[in-house]
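Colleague: Can you walk me through this one? I'd like the fold, then the core, then the ligand.

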Amino acid sequence: MTTTIAAPAAPQHRTHSGIRASLTVPLSATPAAAKCARQAIIAFLAGARRKELTDDACTVATELVNNAVEHAGGPIQLRLRLHGQLLCIACRDGDSARWPRISGDLDAWEEHGRGLAMIAVLARGWRARLAPGGKDVIAWL
Ligand SMILES: Nc1ncnc2c1ncn2[C@@H]1O[C@H](COP(=O)(O)OP(=O)(O)OP(=O)(O)O)[C@@H](O)[C@H]1O
Ligand SMILES: [Mg+2]
């Protein structure tokens, strides 16, 4: 069986009250990566006492990670960081040539092309930026 987490998580940043404020999760570029991302988010937000963010964070991370797997490829890394009330979700992928773009008018029966639009609705904002070896697609909740 292939395991999705490729390496131990990096050392994590904690707040003065001992709550983990950031988490880095290496993911394999496979369809199993999104499930692994959701599991990490559920545990991270429970530990940070921010469970109310879980549903939206899992939906946003699922779309970001699936996009990285389907449209970019690895290495993929999910990073979570709490900045006060704000949760930053960043997905690093291995492709700096292709960029995310919200699809224009979609046929009602079109099966794909809605992931970024969902992120735009759920998140306070999102953007993509160049990163070493690829790019980060980042959303804030
Ligand atoms: N990480 C990424 N790297 C490169 N291109 C991306 C990335 N994320 C999105 N894209 C581009 O943006 C488009 C829109 O992404 P979006 O998630 O909205 O739709 P989709 O992935 O095609 O379909 P779905 O509704 O299944 O998510 C993609 O079709 C792809 O061309
Ligand atoms: Mg998508």
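Colleague: What is the strand order in the open sheet, and is the pairing parallel or antiparallel?

Modeller: The order is β1-β2-β3-β5-β4, five strands with antiparallel pairing. This is a predicted model, where local features need pLDDT of at least 70, side-chain atom pairs count only at pLDDT 80 or more, and totals for chains, interfaces and linings use all residues. Residues are numbered from 1 along each chain as its sequence is written, with chains lettered from A and ligands numbered from 1 in the order in which they are written.

Colleague: What counts as a strand, and as a pair?

Modeller: Helices (H or I, at least four residues) and strands (E, at least two) are DSSP runs, numbered from the N terminus. Two strands pair if DSSP finds at least two bridges between them.

Colleague: Which strands sit at the edges?

Modeller: β1 (22–27) and β4 (125–131), and each pairs on one side only. Neighbouring strands are turned by 15 degrees against each other on average, direction ignored. Those axes are lines fitted to C-alpha atoms, for helices over the stretch in contact, and angles run from 0 to 180 degrees between N-to-C directions.

Colleague: How many bridges join β1 and β2?

Modeller: Six, in the antiparallel sense. L23 faces L80 of β2 there. Next, β2 is joined to β3 (residues 86–93) by seven antiparallel bridges. L78 is opposite C91 in that pair.

Colleague: What about β5, which strands does it join?

Modeller: β3 joins β5 through six antiparallel bridges, and A90 is partnered with I138. On β4, seven bridges reach β5 (residues 134–140), again antiparallel. L130 is the bridge partner of K135, and A131 is opposite G134.

Colleague: Which glycines take a positive phi in the hairpins?

Modeller: G84 does, near 60 degrees, in the hairpin of β2 and β3, with two residues between the strands. The β4 and β5 hairpin also has two residues between its strands, and G133 in the turn has a positive phi of about 80 degrees.

Colleague: Where does α1 go?

Modeller: Helix α1 (residues 33–47) lies across β1 and β2 (76–83), at about 165 degrees to β1.

Colleague: Switching to packing. How much of the chain is buried?

Modeller: 31% of the 141 residues. Buried needs 20 or more other C-beta atoms within 10 Å of a residue's own; exposed is 12 or fewer, partly exposed in between, with C-beta atoms placed from the backbone.

Colleague: Why is β5 largely enclosed?

Modeller: Five of its seven residues are buried, so β5 is largely enclosed by the rest of the structure.

Colleague: And which residues touch the most others in the largest nonpolar core?

Modeller: A37, A57, A61 and V65, out of 35 residues. Such a core is a set of buried Ala, Val, Leu, Ile, Met, Phe, Trp, Tyr and Cys residues joined through C-beta atoms within 7 Å. α2 gives the most, nine residues.

Colleague: Now the ligand. Which residues are closest to ligand 1?

Modeller: N67, P100, H112, G115 and L116, among 20 that surround it. Near means a C-beta atom, placed from the backbone, within 6 Å.

Colleague: Which helix supplies the largest share of that shell?

Modeller: α2, with six residues. α2 (54–72) and α3 (115–122) each supply at least two.

Definitions and conventions:
Two residues are in contact if their C-beta atoms, placed from the backbone, lie within 7 Å.
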